[in-house]
Amino acid sequence: MPSGSRPYGGATSRFNSLSTTTSISSLPGMVAGQERMPLVNQDDVEAGQTQYGSSPSLRPASGIETPKDTSSRNSTLAKRVRYYVPSTAWIPNYSVSLLGGDILAGVTLAAMLIPQSVSYGTALAKLSPATGLFAAAIPPIMYSFLGTSRQLNVAPEAALSLLVGQAVSDYRRGAHRFSPEDADAIGIAVSTAITFQVGLFASMLGFFRLGFLDVVLSRALLRGFVTAVAVVIAVEQLIPMFGLVALENKLNPESTLDKIIFLLEFMWTDYHKPTMLVSFGALLVLIFMRTFKGYFRYTWWIYRLPEVLIVVVLSTIISGSLRWDEDGIAILGSVPIKSNDHFFSFPLKQSLRYVRGTTSTAVLITIMGFLDSTVAAKQNADRFGYAISPNRELVALGAANLLGSFVPGTLPAFGSIVRSKINGDVGARTQLASLVAAGITLLATFFLLPYLYFLPRCVLASIICLFVISLFGEVPHDLVYYWRIGAWSDLAMMSLTFALSVIWNIEIGIVVSLIISLLLVIKRSSQTRMIILGRIPDTDKWGPIADNPGAEDVPGILIVRIRESLDFANTAQLKERLRRLELYGPERTHPSEEPRRQPASTLVFHMADVETCDASAVQIFHELLATYQKRGVGLFVTHLRSGPREMFERAGIEELLGSEAFFDTLGDAMTSIGQR
């Protein structure tokens with residue numbers, strides 16, 4: 001047996017005995033191991049670039065693979081893992097030079113998150129402070145490993161916490177005969193059910209690659225929603241700031257409008273003076289410190305002062321020293337960390353009965369949370385020069401909330417534009433900053449809460465009002481902008497969302513506005529974009545009549561250029577659109593007006609922009625052409641691409657019109673029409 005030749009089924013060097021020049025007559029010699037010319041290059045085989053024929057004698061033995069085959073597969077698997085689990089890419093390659101910025105950003109975030117999360121958990125979600133703190137500590141851990149944004153910080157949001165609080169209040173209102181302990185248990189179960197569904201919905205949206213949904217909601221709709229949320233939150237917090245919580249529980253105003261009337265009626269006569277002084281005093285201090293910091297943007301140790309944390313610490317110390325609770329000021333009190341025998345619990349164990357009633361709230365929170373997170377992630381990606389994937393962001397946010405739902409009562413958590421911007425400004429370059437913030441927040445949850453026993457609850461309301469002020473910040477700019485450019489439909493959408501959210505509730509406001517927004521998108525997509533072409537004077541060129549006032553309209557001939565691909569949606573109104581163009585031209589005219597043009601005797605379709613055409617569109621187009629043909633109208637088609645042309649042939653359109661009706665250019669068609 002020649003050197004280098006081995007029986008079939010041996011080592012991988014057996015492939016050296018195959019040759020691209022091997023003839024059929026040499027196959028017996030190959031099998032015997034006598035063929036010495038290689039059929040394929042060994043490197044190609046090892047790289048997996050070779051395909052084998054159907055003959056069993058030419059295939060490698062089952063189960064045999066080359067080292068490079070395995071290496072290539074492992075490399076592909078590693079790429080996929082790095083793609084779907086971004087932390088496997090940045091953790092092994094982490095640079096120590098980034099550590100200082102990430103730690104500083106994490107500490108800064110924690111100083112902001114701890115008092116903010118306590119406020120959201122108590123004042124907005126109507127739950128324990130621990131629920132807000134857990135939402136700022138547990139979900140970010142999961143997102144840090146799966147998220148594609150390096151600066152996005154995941155934590156509870158004011159608007160989303162408010163939606164949870166409204167759902168909790170609705171269920172407690174129906175269970176008013178139960179004890180406070182039962183009311184707390186109901187609140188935790190409702191919050192857990194919502195967070196679990198939010199995680200499930202977000203994961204499903206990402207799995208089915210629906211990350212494009214952020215294009216459906218217009219900025220006007222979002223601005224109306226955010227403004228309404230700011231008003232609702234402000235009204236909710238003014239009640240404890242005036243010390244009217246007990247009276248509110250007695251009269252039980254339901255909608256935001258009812259609470260506004262309640263405030264206007266009782267805030268001047270039934271306010272609690274010590275509570276009001278502490279509340280508005282804390283708010284003024286917060287506003288002053290934030291304004292003061294604005295003058296020292298380039299003095300980092302002043303600009304990074306955590307004014308919220310400072311106010312919380314000072315108010316707690318003063319409250320404990322002066323015993324404000326004895327003066328009737330409500331304080332935080334003792335906060336239980338665990339709601340049952342186990343820290344972790346299966347989400348649906350106690351919450352299954354609340355799932356159906358909270359699904360609409362969970363869907364709304366998922367959509368709004370994803371939109372806010374996507375905007376924040378895209379802003380940071382553009383700023384720091386990397387790419388994000390909306391679909392993987394959905395999966396990461398879904399997984400983060402699913403993990404959070406295993407800690408009973410945890411609020412839904414999403415990204416924030418403000419927090420993420422601060423995170424990047426301070427120095428965060430990886431998700432280690434969020435891990436540091438989550439770790440500090442988790443430690444604070446177990447060891448710091450007892451020290452906040454004397455924290456006045458009205459101070460938490462003041463903290464939330466400080467963030468509400470920032471929500472109002474862009475409203476004047478947007479109003480002036482929409483007014484200046486005459487965007488009346490956007491102004492109407494913004495006003496409608498705001499009014500419905502305030503008068504009824506936030507869910508109705510956003511759902512109705514979302515439906516209207518979708519209907520507008522469908523309406524616009526169902527109108528086929530078409531223009532009338534005319535001859536430009538002293539040339540052989542053709543252009544849109546609407547854009548070229550001197551363009552000559554050929555009498556009796558209507559030349560229509562279809563500016564987009566045809567599908568079932570935009571072809572349904574094609575006949576009506578053509579009729580209006582034929583009788584009224586490109587100008588917008590009321591149907592009651594007299595026709596401005598004579599009915600066309602010849603109709604030419606310029607279809608250079610039609611790249612695709614689905615079956616429904618072709619069928620409708622065929623019926624349309626048959627109708628015109630019965631009227632005796634001459635029909636011609638120009639610039640038809642190969643794909644639509646094949647569809648026309650199969651549908652019988654070419655047979656209907658005849659091959660002589662199809663031309664490569666508009667000039668050829670007009671020459672032929674002139675000759676006829």
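**Reading rings and strands in a predicted model**

User: Over the face of which residue does Arg 290 lie?

Analyst: Arg 290 lies over the face of Phe 467, 5.7 Å from the ring centre. A charge counts as over a ring when NZ of Lys or CZ of Arg is within 6 Å of the ring centre and within 35 degrees of the ring normal. Tyr 386 has Arg 150 over its face, at 4.2 Å from the ring centre. This is a predicted model, in which local features need pLDDT of at least 70 and side-chain atom pairs count only at pLDDT 80 or more, while totals for chains, interfaces and linings use all residues. Residues are numbered from 1 along each chain as its sequence is written, and side-chain values use heavy atoms, with hydrogens and water left out.

User: How many aromatic pairs does a search of the whole structure find?

Analyst: A pair of aromatic rings is described by the distance of the centres and the angle of the planes. The search finds 16 aromatic pairs. Among them, Phe 262 and Phe 266 form a tilted pair, 5.2 Å centre to centre with 45° between the planes. Here, rings of Phe, Tyr and Trp (its six-membered ring) pair if their centres lie within 6.5 Å; planes under 30 degrees apart are stacked, over 60 edge-to-face, and the rest tilted. Ring pairs also link Phe 288, Phe 292 and Phe 296 into a cluster.

User: Where do Phe 262 and Phe 266 lie, and are they buried or exposed?

Analyst: Both lie in helix H12 (residues 256-266), four residues apart, about one turn of the helix. Helices (H or I, at least four residues) and strands (E, at least two) are DSSP runs, numbered from the N terminus. Phe 262 is buried, at 4% relative accessible area, and Phe 266 is buried too, at 17%. Buried means under 20%, exposed over 50%, and partly exposed in between (1.4 Å probe, protein chains only).

User: What is the order of the strands in the open sheet?

Analyst: Six strands run in the order E4-E3-E5-E6-E7-E8, with mixed pairing. The edge strands, E4 (542-544) and E8 (662-663), each pair on one side only. Strands pair if DSSP finds at least two bridges between them.

User: Which strands does E5 pair with?

Analyst: Five bridges join E5 (residues 557-562) to E6 (residues 602-606), and these two run parallel. Ile 557 has Thr 602 as its bridge partner in E6, and Leu 558 stands opposite Leu 603. E5 also pairs with E3 (residues 530-535) over three bridges, in the antiparallel sense; there, Ile 531 stands opposite Arg 561. E5 is mostly covered, with five of its six residues buried.
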